[in-house]
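Subject: Structure handover and notes

Hello,

Here is the structure I said I would pass on. My notes on what was found in it follow below.

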Amino acid sequence: MLEFFRRKRRRATPSTESWMGRCIGTATPAELEHAQRLLTDAHVTAPFAEPGDDEYELWRAGKLVPFYLTELLNAGGHFGPDVDTACLAEEPAVDRWEVGVEYPSWEQTVALARFLDVRVRDLAHPDAEPRHHEVRPRLKISGLAILSFEPAAVSAVTAGAGATERVTHDDHPDA
């Protein structure tokens, strides 16, 4: 009698030799310093509060950091379709935000901050820039810190988002 053994599918694991498709040794000192700054500056400043114009501008400029989303979700033990629902999104949107291939709308960003009980600014970094990566993973890989969103994902959501309306006293007819 013949016995058949099925091989288990091997799970992809991040290479310690690679950093977004390049050897870590080929990253410039500026790239390494930039990554270190984004990784060490992650912190929660205060509980959720309605966002202001400065936070809207951070979002519109693509300054959200996928790694911050992942870390805050993991810290709170949040996972699954309930997270997507709380963020006004459909499964698997939040997973796609975490790898930077889809950018949340302003309303979804505010809902995520409210859900996590953090300020919108705690999901962003002023030095973050949308960047294209040829080898961006499609799914989260444990131990891989994704520090930027794809520029096309950011522009697809923010293209029609102009500056927020500001009412000034000069516009008032009695002024």
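The chain has 7 helices and 2 strands. In sequence order these run β-β-α-α-α-α-α-α-α. Please keep in mind that this is a predicted model. Of the 175 residues, 36% count as buried. Among contacts with a sequence separation of 6 or more, 72% are between residues 24 or more positions apart.

Nonpolar cores

The largest nonpolar core has 28 residues, and the members that touch the most others are Trp-59, Leu-64, Trp-97, Tyr-103, Leu-112, Leu-116 and Leu-123. Helices α2, α3 (66-75), α5, α6 and α7 are the elements that each supply two or more residues to this core. The greatest contribution comes from α6, with 5 residues. Apart from this core lies another, of 7 residues, which includes Leu-38, Val-65, Tyr-68 and Ala-128. As background, nonpolar side chains in soluble globular proteins tend to be buried together.

What does Trp-59 contact, leaving aside its neighbours within four places in sequence? The list is Leu-64, Tyr-103, Pro-104, Ser-105, Trp-106, Thr-109, Val-157, Thr-158 and Ala-161. Two of these, Leu-64 and Tyr-103, are named with Trp-59 among the residues that touch the most other members of the largest core.

Aromatic pairs

A search of the whole structure gives 6 aromatic pairs. In one of them, Tyr-56 with Trp-59, the ring centres are 5.5 Å apart and the planes stand at 40°, so the pair is classed as tilted. Both residues belong to helix α2 (residues 53-60), where they sit 3 residues apart, about one turn of the helix. Tyr-56 and Trp-59 are both buried.

Another pair is Tyr-103 with Phe-149, with ring centres 4.8 Å apart and planes at 90°, so this one is edge-to-face. It links distant parts of the chain: Tyr-103 is in the loop between α5 (93-99) and α6 (106-116), while Phe-149 is in the loop between α6 and α7 (151-158), 46 residues apart. Tyr-103 and Phe-149 are likewise both buried. The two pairs belong to one aromatic cluster, made up of Tyr-56, Trp-59, Tyr-103, Trp-106 and Phe-149.

Salt bridges

There are 9 salt bridges in the structure. One joins Asp-54 to Arg-121, with the closest N and O atoms 3.2 Å apart. This pair also links distant parts of the chain, with Asp-54 in helix α2 and Arg-121 in the loop between α6 and α7, 67 residues apart. Asp-54 is partly exposed, at 44% relative accessible area, and Arg-121 is partly exposed as well, at 30%. Both take part in a network of salt bridges that also includes Glu-55 and Arg-119.

A second example is Glu-57 with Arg-60, where the closest N and O atoms are 3.0 Å apart. Here both partners lie in helix α2, 3 residues apart, about one turn of the helix. Glu-57 has 25% relative accessibility and counts as partly exposed; Arg-60, at 29%, is also partly exposed.

Arg-96 and Glu-102 form a further salt bridge, with an N to O distance of 3.0 Å. Their relative accessibilities are 34% for Arg-96 and 29% for Glu-102, and partly exposed is the class given to Arg-96 and to Glu-102.

Asp-84 deserves a separate entry. The residue is found in helix α4 (residues 81-86). Asp-84 is buried yet has no salt bridge. Which side chain of opposite charge is nearest to Asp-84, and how far away is it? That side chain is Arg-96, at 9.2 Å.

What the side chain of Asp-84 does reach is the backbone nitrogen of Ala-93, at 3.2 Å.

Regards

Note on methods. Residues are numbered from 1 along each chain as its sequence is written. This is a predicted model: local features need pLDDT of at least 70, side-chain atom pairs count only at pLDDT 80 or more; totals for chains, interfaces and linings use all residues. Side-chain values use heavy atoms; hydrogens and water are left out. Helices (H or I, at least four residues) and strands (E, at least two) are DSSP runs, numbered from the N terminus. Buried means under 20% relative accessible area, exposed over 50%, partly exposed in between (1.4 Å probe, protein chains only). Lys and Arg count as positive and Asp and Glu as negative; His and the chain ends are not counted. A salt bridge is a side-chain nitrogen of Lys or Arg within 4 Å of a carboxyl oxygen of Asp or Glu. A polar contact is a pair of N or O atoms within 3.5 Å; within protein, one must be able to donate a hydrogen and the other to accept it, and residues adjacent in sequence count only if both atoms are side-chain atoms. Rings of Phe, Tyr and Trp (its six-membered ring) pair if their centres lie within 6.5 Å; planes under 30 degrees apart count as stacked, over 60 as edge-to-face and the rest as tilted. A nonpolar core is a set of buried Ala, Val, Leu, Ile, Met, Phe, Trp, Tyr and Cys residues joined through side-chain atoms within 4.5 Å. Contact means heavy atoms within 4.5 Å.
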